[in-house]
Amino acid sequence: MTIKLDSTHYSTVVTCDQCPWWYGFADSKSEGRVVGARHEQRAHPEDDQARRMLDEAARRARRTGADQ
C-alpha cells in the first residue's frame, strides 16, 4: 500500500494505490501527510508507510525549525 501526495503551490491531493475510489485534499503538503496517515490508520492499519512519512517530516521540521 502506498499513499501518494500530488502537491502544487496551492493544494495537495492525497491518493492510495489500494483504494482507487478514495482521495483526500489538503491545503499544504504537511497537511496532506496527516490526511494520508489518517486514511492509512483507518483503512490499512497493518501498514505504516504514511505514518512513517509523517513522523520523519515532523522530525525534520523540529530539527530545522521549518515546516517541510
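The term has cut-offs: buried means under 20% relative accessible area, exposed means over 50%, and partly exposed lies in between, with a 1.4 Å probe and protein chains only.

**Basis of the entries.** I note that this is a predicted model, in which local features need pLDDT of at least 70 and side-chain atom pairs count only at pLDDT 80 or more, while totals for chains, interfaces and linings use all residues. Residues are numbered from 1 along each chain as its sequence is written, and side-chain values use heavy atoms, with hydrogens and water left out.

**Salt bridges.** I looked for salt bridges, defined as a side-chain nitrogen of Lys or Arg within 4 Å of a carboxyl oxygen of Asp or Glu. The structure holds 2 of them.

I found Arg51 paired with Glu40, with the closest N and O atoms 2.8 Å apart. Helices (H or I, at least four residues) and strands (E, at least two) are DSSP runs, numbered from the N terminus. Glu40 is buried, its relative accessible area being 0%.

I then turned to Arg52, which forms a salt bridge with Asp48; here the closest N and O atoms are 3.0 Å apart. Arg52 is partly exposed at 42%, and Asp48 is partly exposed at 39%.

**Cysteines.** I asked how many disulfides there are. A disulfide requires a pair of cysteine sulfur atoms within 2.5 Å, and the count by this rule is 0. For the sulfur of Cys16, the closest cysteine sulfur is in Cys19, at 3.9 Å, which is too far for a bond. I recorded Cys16 as buried at 4% relative accessibility and Cys19 as buried at 5%.

**Sheet.** I traced an open sheet of 3 strands in the order S1-S2-S3, with antiparallel pairing. Strands S1 (3-7) and S3 (23-26) stand at the edges with a single partner strand each, so one side of each has no neighbour in the sheet. From one strand to the next, the twist averages 20°; axes are lines fitted to C-alpha atoms, for helices over the stretch in contact, and angles run from 0 to 180 degrees between N-to-C directions.

Two strands pair if DSSP finds at least two bridges between them. I found 4 bridges joining strand S2 (residues 12-16) to S3, and Val13 stands opposite Phe25 in S3.
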